[in-house]
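Take a moment with the sequence and the model below. A short walk through its side-chain pairs follows.

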Amino acid sequence: VNNTTYQTAESLLGKIDPELFHTCDANSQAGYDAIKSWFQHTASRPDALFVNHDVVMRGALIALLELGISIPQDMALITHANRGESYPFQRPLTRVEMDPAALSNALLNTLRRGSIRQRTGRLFPEQHQKPRLVLGAST
């Protein structure tokens, strides 16, 4: 996860064991390197792994497969994904899914109605979207 996610989780849940969170940059190579480094330097592996960035997941998934980890037999795997995103994996992954098209449509509708800056001081209102848990074959 990234540092912001870790800080948000702590603010919601209280103090969290930092060993449960590993951070990396938001790119595929960083995901690959993070998994390789973490799993080569730890004696115990987790029962489940949540990768909260779909691009990081691409590299992380390759590293897990290279390490010989069977998903979901050895470890459950959950990721974040934008609706319609796919991964190079033989089975669908369990994912927390967001719909960027729905968010974009909400913002465009706000623009069509005219600027709300005069009423709120902001160009756009906050847009909240509920994620959807899509069960795949990785849990």
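With which residue does Glu 66 form a salt bridge? The partner is Lys 36, and the closest N and O atoms are 3.1 Å apart. A salt bridge here is a side-chain nitrogen of Lys or Arg within 4 Å of a carboxyl oxygen of Asp or Glu. The pair links distant parts of the chain: Glu 66 sits in helix α3 (residues 54–66) and Lys 36 in helix α2, 30 residues apart. Helices (H or I, at least four residues) and strands (E, at least two) are DSSP runs, numbered from the N terminus.

This is a predicted model, where local features need pLDDT of at least 70, side-chain atom pairs count only at pLDDT 80 or more, and totals for chains, interfaces and linings use all residues. Residues are numbered from 1 along each chain as its sequence is written, and side-chain values use heavy atoms, leaving out hydrogens and water.

Lys 36 counts as buried, at 16% relative accessibility. Glu 66 is partly exposed, at 46%. Buried means under 20% relative accessible area, exposed over 50%, and partly exposed in between (1.4 Å probe, protein chains only).

The count comes to five salt bridges. Asp 99 and Arg 83 meet in one of them, at 3.0 Å, N to O. Glu 97 and Arg 95 meet in another, at 3.4 Å. Arg 83, Arg 95, Glu 97, Asp 99 and Arg 132 are linked in a network of salt bridges.

Back to helix α2 (residues 28–40), where Trp 38 lies. Trp 38 counts as buried, at 16% relative accessibility.
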